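Please keep the sequence and the structure in view while reading.

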Amino acid sequence: MVLLLLQKNLLAEAQSLLLQKFMKSFPLTSTEQAVVARGRNANLTARKKGKSKSSGDASAYQDSTAFEALLGYTYISDKHRFNEMIGWIKVELDELDSK
């Protein structure tokens, strides 16, 4: 159980860092920016209602949820744009792996 919580926390932190880097180097449309903001707020709302885990960094979980919301929205609305995003993510992950 502790290992599972640790893994979830690490995944959230990794996605949070990836989102921050992504937003600095990958231009988002105003609609995509709104999806990110709404994804962050959705996590905060769930946390206030007691629907999500209280362990870990709340900011990392908000970013993680926002990143997942962005990818999900883009997958549904624009496959070409989604593939561009996934391509960027793959390059970033490959660079991290090579370090």
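With which side chain does the side chain of Glu-92 make a polar contact? The partner is the side chain of Lys-21, at 2.9 Å; a polar contact is a pair of N or O atoms within 3.5 Å, where within protein one must be able to donate a hydrogen and the other to accept it, and residues adjacent in sequence count only if both atoms are side-chain atoms.

The model is predicted, so local features need pLDDT of at least 70 and side-chain atom pairs count only at pLDDT 80 or more, whereas totals for chains, interfaces and linings use all residues. Residues are numbered from 1 along each chain as its sequence is written, and side-chain values use heavy atoms, with hydrogens and water left out.

**Salt bridges**

A search of the whole structure finds 4 salt bridges, each defined as a side-chain nitrogen of Lys or Arg within 4 Å of a carboxyl oxygen of Asp or Glu.

Helices are DSSP runs (H or I, at least four residues) numbered from the N terminus. Glu-92 is buried, with a relative accessible area of 10%, whereas Lys-21 is partly exposed at 39%. Here buried means under 20% relative accessible area, exposed over 50%, and partly exposed in between, for a 1.4 Å probe and protein chains only. Besides Lys-21, Glu-92 touches Leu-18, not counting residues up to four places away in sequence; contact means heavy atoms within 4.5 Å.

Asp-63 counts as buried at 5% relative accessibility, while Arg-40 is partly exposed at 26%. The side chain of Asp-63 makes a polar contact with the side chain of Ser-16 as well (2.7 Å). Leu-19 and Gln-20 are among the other residues that Asp-63 touches.

Glu-84 and Arg-81 both lie in helix H4, 3 residues apart, about one turn of the helix. Arg-81 is buried, with a relative accessible area of 13%, and Glu-84 is partly exposed at 34%. Together with Glu-32, these two residues are linked in a network of salt bridges.

In soluble globular proteins, nonpolar side chains tend to be buried together. The largest nonpolar core holds 14 residues, of which Phe-22, Leu-28, Phe-67 and Met-85 touch the most other members. Helices H1 (2-25), H3 (58-77) and H4 (79-98) each supply at least two residues of this core. Such a core is a set of buried Ala, Val, Leu, Ile, Met, Phe, Trp, Tyr and Cys residues joined through side-chain atoms within 4.5 Å. Residues touched by Leu-28 include Phe-22, Val-36, Leu-70, Arg-81 and Met-85.

Helix H3 has 20 residues and reaches 28 Å from its first C-alpha to its last, close to the 28 Å expected at 1.5 Å a residue; the expected span is 1.5 Å times one less than the number of residues. Buried residues of H3 include Asp-63, Phe-67 and Leu-70.
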